[in-house]
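Here are my notes on this one, as numbered points. Have the model open while you read.

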Amino acid sequence: MKVAVIGAGNGGQAIAGFLASQGCSVAICDVNAMVISELNATRKIELKGLISAIGEIQKCTTDAVEAIKNANIIFIVTTATAHV
């Protein structure tokens, strides 16, 4: 399953990391280029706590159109003021 996660804050990264660890192909997008740059460095999100896993992210981008291309499911994980 192809999933797009819009928003790479704590919630977005948690969802993206978990879904990737479960075998989904995940693209994550954020308007903050620094956050995306950090994610692109490893393309992995490690979950620690109740769920311990590592998810490999397929695409990290600042372009929402690119992130949602061919996605079966789109998660919007941003603040209400970011829904523009």
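1. Where does Asn-70 sit? Its place is the loop between helix H3 (64-68) and S6. Phi of Asn-70 is near 65°, a positive value in a residue other than glycine. Asn-70 is also exposed, with a relative accessible area of 55%; for that label, exposed is over 50%, buried is under 20%, and partly exposed is in between (1.4 Å probe, protein chains only).

2. Some ground rules before going on. This is a predicted model, where local features need pLDDT of at least 70 and side-chain atom pairs count only at pLDDT 80 or more, while totals for chains, interfaces and linings use all residues. Residues are numbered from 1 along each chain as its sequence is written, and side-chain values use heavy atoms, with hydrogens and water left out. Helices (H or I, at least four residues) and strands (E, at least two) are DSSP runs, numbered from the N terminus.

3. H1 covers residues 10-21, which makes 12 residues. From first C-alpha to last it reaches 16 Å, close to the 16 Å expected at 1.5 Å a residue (the expected span being 1.5 Å times one less than the number of residues).

4. Now for what H1 packs on. Its buried residues are Gly-12, Ala-16, Gly-17, Leu-19 and Ala-20. They pack against strands S1 (2-6), S2 (25-29), S3 (44-47), S4 (53-56) and S6 (73-76), with contact taken as heavy atoms within 4.5 Å.

5. Have a look at both ends of H2 (residues 33-42). At the N-terminal end, Asn-32 is the cap: one of its side-chain oxygens lies 2.9 Å from the backbone nitrogen of Met-34. Just after H2, Arg-43 takes a positive phi of about 60°, and this residue lies in the loop between H2 and S3. Arg-43 counts as partly exposed, at 32% relative accessibility.

6. The loop between S3 and S4 holds Gly-49 and Leu-50. Gly-49 counts as exposed at 53% relative accessibility, and Leu-50 is exposed too, at 89%. Gly-49 and Gly-11 are 38 residues apart in sequence and 14 Å apart in space, C-alpha to C-alpha.

7. Last, a surface feature. Phe-18, Leu-50 and Ile-51 form a nonpolar patch, with about 340 Å² of accessible area together. The areas come from the Shrake-Rupley method with a 1.4 Å probe.

Key
Polar contact = N/O pair within 3.5 Å; in protein donor to acceptor, adjacent residues only side chain to side chain. Patch = residues over 30% accessible without salt bridge, like charges linked within 9 Å, V, L, I, M, F, W, Y side chains within 5 Å. Salt bridge = Lys/Arg side-chain N within 4 Å of Asp/Glu carboxyl O.
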